[in-house]
Amino acid sequence: MIAITRKRLLEAAQTLMKDGKVPASVDNPDIYRGARGGAFIASAKLDWLDAYAEKLQTALSPLGLLNRLPMAAE
Amino acid sequence: MLLGEQLIAFRDTDGRVGIMEQSLPASLRLAVLRTQRGRRPALRLSRLEFDVEGNCLDMPNVPPAQDFKARIKAKATRWSSAQASSGPTWARARKRRRCQHRGPDVAGARALPPACTSASATGSSRSKATSTPSHFGFLHVGGVKTEDVDPETINKWAVGDRAPDYKSTETEWGTMYAAYRPAEPHTYYYRFAHFLFPFITLTPNGFFEDQVACTLNVPMDDTHTMTYNLTWKKKTRPLETLKNGEWIPGLEPKVEYLPDTNDWYGRHRLAARRENDYLIDRDMQKNVNYTGIRASAGRTRR
């Protein structure tokens, strides 16, 4: 996680420096609405990202801002 | 202090929030030079008054005939009107198109006291700490056994296996990972966390269902970070107490600060810091938890 986060940051900085292009979330902050941290139990048969998308469907969102990511099968 | 820039935040009499650079506007510096060559060498800068847009409103110490406030503009216009929501005041660079996002999903949020850390704990390393899947089970709850936590919650799985597998991937918002270990038969206990551009982390210690919280590691400069924790007051308590209700040693957010000073790094300074080895308690480290640190500045609380 640390390695890919560093890589992501470095590439974002280099893209900004070379092309003047900012990360997509700068002009579209709704992107952040797909992120939720926390713990849960899920079937071992599910792919980890499918387990995440499934739990997002029922997660609480006090302001209704959480973006329910589509399941892989959809 | 933000990214090495010295900024002044203030409210006007209408309650509007303004943020401007601490340094003098270039036009004022030029004006000062011209004035010093002219008839008034003793211009008192501290008498100037600005509005939230950076306009100079008053120069009470300059004769009306020499007033040049209309020519002075502080660098405040690149910040859009900041708004107060859930405690913190949010500011947005005006160069970008105006967006409707209202900040984190933190209605009824509680903003914990910020913490200024330096040198050894920059934003990068603090984000790193929350991005290390196995650090929680060892460093924070290494001395906690399965039978010490409430058996009715999924927290028991967090201390039952301290060597999880994990997966990670890049996302549109940054990166994410999941640490996972076997739980009930044919199931995994997952802990998901995220890094969000530019310096936000969503930590995994909580119940996914209502874990509305985030940590902002705001870089003041290359060696100082101001950390903020926002959390929804109604969210379920994460793994932070034993089944008898007592705090897990080291997780109680009982933070001591040094007295404030007037310099740019003089607020929200933790008493436990690099110079005193974070007040590490070797006996506690040997017998209770692996950090040996009695209180946590980075953990969320209700």
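User: Which strand of chain A is joined to β11(B), and do the two run parallel or antiparallel?
Analyst: Happy to start there, with a reminder that this is a predicted model, in which local features need pLDDT of at least 70, side-chain atom pairs count only at pLDDT 80 or more, and totals for chains, interfaces and linings use all residues. Residues are numbered from 1 along each chain as its sequence is written, and chains are lettered from A in the order in which they are written. Strands here are DSSP runs of E of at least two residues, helices are H or I runs of at least four, and both are numbered from the N terminus; two strands pair if DSSP finds at least two bridges between them. Six bridges join β11(B) to residues 38-43 of chain A, and the strands run antiparallel, so the partner is strand β1 of chain A.

User: Which residue is the bridge partner of A:Ser43 in β11(B)?
Analyst: β11 of chain B covers 187-196. In that strand, A:Ser43 is bridged to B:Thr187.

User: Which strand gives the most to the side of chain B that touches chain A?
Analyst: Contact means C-beta atoms, placed from the backbone, within 7 Å. By that rule, 48 residues of chain B meet 37 residues of chain A. On chain B, β9 (165-170), β10 (174-182) and β11 (187-196) each supply at least two residues of that side. The top contribution, 10 residues, is from β11(B).

User: Which residue of chain A does B:Tyr180 touch, leaving out residues up to four places away in sequence?
Analyst: Within chain B, B:Tyr180 touches residues including B:Pro164, B:Tyr166 and B:Tyr190. Its contact in chain A is A:Trp48.

User: Why is A:Leu66 classed as partly exposed?
Analyst: A:Leu66 is found in the segment after α3 of chain A. The residue counts as partly exposed because the number of other C-beta atoms within 10 Å is 18.

Technical notes
Contact = placed C-beta atoms within 7 Å. Buried ≥ 20, exposed ≤ 12 C-beta atoms within 10 Å, placed from the backbone.
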